[in-house]
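Here's a quick tour of charges and a surface patch. Have a look at the model first, then read on.

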Amino acid sequence: MAGKHKTFVPLSPAALDAVLGPRDRHRALLENTFRVLIGLVEGGVEIDSSSSRDRAAAEQAIRALAVKADAGQTVTEPVLVAILGAGAVAMGPAALKDTGRSVPDSAALPVGRRGVIAPKTAAQARYLEMLGRCELTFGVGPAGTGKTFLAAAYGASLLRRGQVDRLVITRPAVEAGEKLGFLPGDLNEKVDPYLAPIWEALNDILGVEDVRRRRDKGEIEAAPIAFMRGRTLAHAFIIVDEAQNTSRLQMKMVLTRLGEGARMAVTGDPSQIDILNPRDSGLSHALRILEEVEGVGVQRFQAGDVVRHAMVERIVRAYDADAARGRGEDAA
C-alpha cells in the first residue's frame, strides 16, 4: 500500500517497459518533468513526491503511456515527449506556479497540414517550455533540429490566439558563400529569398492564404536586421533567424528592440558562420554574456536531436567529428 506521499500505479509488463524505456530513459524524463521519483514495486510503479499535484500529473502521464502500450503501440521517446507536454499542461497555471514552473505551450500549437505539431525530442520539449517562460529564448544547434520551425509555430500560435499583435521575422542578409548580387523588386521581394525556411514553416502551419492575408494587414512582417534599428517592437513575437551571421553590434541592436509585451526567439548554428570575421559573431558573443541573465533561456540542440532526415544526423556527426579532430591536431 502506498504511503502518504506515494501513489501506486498498477502496470502490465508491456506498460512497465514503456514507462521505463531504453536504458531507463523514459523514467528519467518522467521524473525530471514532474519532479517525482518513480520506484519499481510488484505489479507496477510507485510515484514518490510531497506534492500531490506533481504525483497526479505524473500518474496521468504514466497511465497514458500504459494505454498506448497495452494497445500494442510502440512507445518511442517522441510519443513520450508529446504525452509529457500534454500532462504538464493539464496541471494548469496555478499548480505549476506553486512549483516555480510555467505551462509549456506545446498543446496550444496549431495543427499543420501534416497533422498536430508537437515536440519530437526532449530537447524540443524543453525549447517550447522556454519559449513560453522566457522573454528571450536562444535555440542553437545544427540544421534539422526544428529550432526555427518550432519558433515559427509558437509565434503563429500566439498570433492566432491574439496574445501578440504581430509576428516579426528578421535575419542578416548574408549569403552562404555566394554573392547573389542585386535583387530586384520591393523590400518583401528582396527579403523573401533569405526567409524561405520560415515562410515554408508558416505556410505549413497557417496556410498560404492566411499568411498572405496577415502579411497584407501587417500582422506578419519580415525585414533585414538593418531595418530594425531605431524601432521598439511592442506586443510582438520576434524571430531572429540565422543569428550566427549577425555582428556583435547587430545582435545588441536587435535584442534591445524588445518592447512591452514582446518576446523574442533567436535561432542559429554557431558552426555555420558565414561572416568575414567569425570571431565577431553576435550569436556566440550573446550566448557567452547573456545565458545567466534573468528572463533568458538557452536550448542547445545536438546531432541526436536532428529530426529532418536520418542522413542529416549522420552528416552533422561526421562534421562534428572532423572538427574535433582538427582541434586536437591544432592542440598538438
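Which helix is Met-311 found in? Met-311 is found in helix H12, residues 310-331. Keep in mind that this is a predicted model. Met-311 is partly exposed, at 38% relative accessible area, and together with Ile-315 and Tyr-319 it makes a nonpolar surface patch of about 330 Å².

Now for the charges. The structure holds 12 salt bridges, including these:

| Pair | Closest N to O distance |
|---|---|
| Glu-46 and Lys-6 | 3.8 Å |
| Asp-210 and Arg-214 | 3.2 Å |

Glu-46 sits in strand S3 (residues 44-48) and Lys-6 in strand S1 (residues 6-10), so this pair ties together parts 40 residues apart in sequence. Glu-46 is buried at 17% relative accessible area, whereas Lys-6 is partly exposed at 35%.

Arg-133 and Glu-129 both lie in helix H5 (residues 122-133), 4 residues apart, or about one turn. Arg-133 is partly exposed, at 39%.

Asp-210 and Arg-214 are also 4 residues apart, about one helical turn, in helix H9 (residues 208-217). Salt bridges with shared partners join Asp-210, Arg-213, Arg-214, Lys-217 and Glu-219 into one network. Asp-210 is buried at 14%, and Arg-214 is buried at 10%.

What about a charge without a bridge? Asp-241, in the loop between strand S9 (236-240) and helix H10 (248-255), is buried yet has no salt bridge. The nearest side chain of opposite charge, Arg-171, is 5.0 Å away, while the cut-off for a salt bridge is within 4 Å. Asp-241 does make a side-chain polar contact with the side chain of Thr-148, at 3.0 Å.

Definitions and conventions:
Residues are numbered from 1 along each chain as its sequence is written. This is a predicted model: local features need pLDDT of at least 70, side-chain atom pairs count only at pLDDT 80 or more; totals for chains, interfaces and linings use all residues. Side-chain values use heavy atoms; hydrogens and water are left out. Helices (H or I, at least four residues) and strands (E, at least two) are DSSP runs, numbered from the N terminus. Buried means under 20% relative accessible area, exposed over 50%, partly exposed in between (1.4 Å probe, protein chains only). Lys and Arg count as positive and Asp and Glu as negative; His and the chain ends are not counted. A polar contact is a pair of N or O atoms within 3.5 Å; within protein, one must be able to donate a hydrogen and the other to accept it, and residues adjacent in sequence count only if both atoms are side-chain atoms. Patches are made of residues with over 30% relative accessible area and no salt bridge: like charges are joined within 9 Å, nonpolar side chains (Val, Leu, Ile, Met, Phe, Trp, Tyr) within 5 Å. Accessible areas come from the Shrake-Rupley method with a 1.4 Å probe; for residues, only the protein chains shown count as cover.
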